[in-house]
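Welcome! Take it one heading at a time.

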Amino acid sequence: MASENILVIGGGPTGMEAARGIADLGYKAILVEKRDRLGGTPDEAQYAALTPDLRNAEEAIGEMVAAVTDNPNVELLTGTTVTSSEGEVGNFKVKAVQNGSEIEIEAGAVIVATGFQHFDPGRETQKYGYYEHDDVVTLVDAEKLLKSGNFVRPSTGEKPKSVAFIQCVGSRDRQIGNEYCSKVCCGMSSKQAIEIRQHVPDCKVYIFYIDMRMYGYWENEIYWPAQEKYKVNYIKGMATEIIKKGDGLLVKGEDTTLRRPMEIPMDMVILAVGMEPSEGTKVVADIFGLPKNKYNFIETIGGPLNTVSTEKAGIFAAGACTGPADLEDSVSSAGAAAMKAISAIRKIGVPA
Amino acid sequence: MGLDLSINKYADVSYDEKERLFEEAKSDDRWHHVLYGCYECGICVAACPSARFYDFSPRVIAQAVAREDVDLVYTLMNDSVWDCSQCFSCDRCPRQNSPGQIITVLREVAVRNGLQTAKDALEGYGRIIYKIMSTGSQVSPDMLQPDAFPDWGGHVKEISDNLDVWRKALPPETLHTTETGWVVDDKTIIELYLIWHMTGVMDLIEGIDEGLFMILVDVMEERLEEAGYDDITFD
């Protein structure tokens, strides 16, 4: 007996949007989340404001959570980890562990939305000293500081006079193995640069970059205002090393367009860490036998015209488990996955 | 190539003084219409005739002011800004910056503040400034002398020997003059003197070239007095 339920794995923005779409179309979504609450990375990492519109993240993600909570067409299984799967499109039998006890889920189609994790700068190829210097932090750490409303140097608790962002940490690097662009970091850094200038107006903010990648409206909504209104200093050139000097840091790099080497003292450095597949993405890919690409993201097979179909009929992947994705990509592919999952179920019901 | 910032051919001043000069430029009404943000893309350099001949980059001008690099702006204000021919070919910037007009503003700050480099840069123009400001018209035919323009060739002598005749052969009567580019009537020249007096142009000239200022004052005060403006003084 075929099931018309659709299993959605991952309770972040992608999974929630997929579940909401399925429910709106009158089908039943079973939304499985490993953590004991929904919200995904924006919630877990305590994002302060979303890119690019600087909307309050708690409020925006809260609306997504509300849309799938107490929804008669969404069955929420938090604190639940998928462990195995058998069957095929129309008839998957998936085992999971919910708070220590095993459960079985029947579903006609599956949407994987297990997302990404932030790159750990301990693996960076340059000498940034994330684990040595208190004032070297990541975008994620900086987001928490911004959310606290008190943007200060971790070492002193005082407001910084100078902050430098270093782009492409853990991305676009053959030596690390992450050759791809993580897509969101240029926008996030510029967004945070604006917020820092708002919170600490006399703080000088620098962004050291290889290329600034701000597609579409991110250009005029974040990049131009950061540079023109908030006087954020964009310097084309990578820093290779951060050393401790006195009470502060010394950033060594090249100012390429002015053709001069550069050693700039900074109170704080923010590493723009990129995206890698989450542990959950790798585990779930293996459970469902989904091929991964060389970076361990789940491989979709439709190229640019179909971003969610995988090699397995009836199993779809959406959001950042398939590769670096911003929120716009994530919720868009969530909608596409919901549509294709329902189509897959309906096709089974049609006599040959 | 590249920026040689190691040799200062001008007086170094305190950071505060550099910042004061930069703030003066930023307070100019034109500033926010000529500077937005710089991609450092180089399209202005590609279009710049001066950049083909000098170690001059309108991009560096734009990025220095966009980054608010106070030290570099001071360096450029003493050097690079005088390499620009003010043709505004650079106005094709995708961000709508105008490096040429940024330079206009920076030059004016340099002149107003009597920077020695501005005096040096403008020294060679004293003769032209004198001509324009005293007669109300630009380079005049009698400046065309073989010794002044040897590279213009042998025909310069022939023309200068018979300058009166050549000028009289020109159809408009207003060009039948050799001491000015054209005939400037008395009312116009008096108005020009008054404008330069009232808008502070004469103060600028005094700051940049005192000798030139004194010669101009002699000429202007005399003609203004003749025209009935005997209460105007330039001191």
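## Getting oriented

The domain bounds used here come from an automatic or database domain assignment. On that basis, chain A is divided into domain 1 (6–115 + 278–349) and domain 2 (119–274). The centres of domain 1 of chain A and domain 2 of chain A, taken over C-alpha atoms, are separated by 32 Å. Where they touch, domain 1 of chain A gives 13 residues and domain 2 of chain A gives 20 residues; two residues are in contact if their C-beta atoms, placed from the backbone, lie within 7 Å.

This is a predicted model, in which local features need pLDDT of at least 70, side-chain atom pairs count only at pLDDT 80 or more, and totals for chains, interfaces and linings use all residues. Residues are numbered from 1 along each chain as its sequence is written, while chains are lettered from A and ligands numbered from 1 in the order in which they are written.

## How confident is the prediction?

The model scores ipTM 0.82 and pTM 0.87. For chain B the mean pLDDT is 90, and 97% of its residues reach 70 or more; pLDDT is the predictor's confidence in each residue, from 0 to 100. Within chain B, helix 1 (residues 15–26) of chain B has the highest confidence, at 98, and helix 10 (residues 155–161) of chain B the lowest, at a mean of 84. As a reading tip, where pLDDT is low, the predicted coordinates should not be read in detail.

## Where surfaces meet

Now turn to the two chains, where ten residues of chain A are in contact with nine residues of chain B. On the side of chain A that touches chain B, helix 6 (218–229) and strand 12 (233–236) of chain A each supply at least two residues. Helix 6 of chain A gives the largest share, three residues. By class, this side of chain A has two nonpolar, three polar and five charged residues. Helices (H or I, at least four residues) and strands (E, at least two) are DSSP runs, numbered from the N terminus.

## Neighbouring strands in chain A

Strand 4 (residues 80–88) and strand 5 (residues 91–98) of chain A run antiparallel and are joined by eight bridges; two strands pair if DSSP finds at least two bridges between them. A:T80 has A:Q98 in strand 5 of chain A as its bridge partner. The hairpin of these strands has two residues between them, and A:G90 takes a positive phi near 95° there.

Strand 5 of chain A is also joined to strand 6 (residues 101–107) of chain A, by seven bridges, and these strands run antiparallel. In this pairing, A:K95 has A:E104 as its bridge partner. Again the hairpin has two residues between the strands, with A:N99 at a positive phi near 45°.

Most residues other than glycine have a negative phi, and most peptide bonds are trans. A:D70, which is not a glycine, has a positive phi of about 55° and sits in the loop between helix 3 and strand 3 (74–77) of chain A. A:D70 counts as exposed because it has 8 C-beta neighbours inside 10 Å. A residue is buried if 20 or more other C-beta atoms lie within 10 Å of its own, exposed if 12 or fewer, and partly exposed in between, with C-beta atoms placed from the backbone.

A:C168 is not a glycine either, and has a positive phi of about 60°. This residue lies in strand 10 (residues 162–169) of chain A and counts as buried, because it has 24 C-beta neighbours inside 10 Å. A cis peptide bond, with omega about 10°, joins A:T51 and A:P52.

## Helices of chain B

Chain B has 14 helices and zero strands. Of its 235 residues, 26% count as buried. Helix 6 (residues 70–77) of chain B is mostly covered, with six of its eight residues buried, including B:L72 and B:M77. The buried residues of helix 6 of chain B pack against helix 1, helix 5 (58–66) and helix 7 (99–112) of chain B.

Terms used
Ala, Val, Leu, Ile, Met, Phe, Trp, Tyr, Cys and Pro count as nonpolar, Asp, Glu, Lys and Arg as charged, and the others, Gly among them, as polar.
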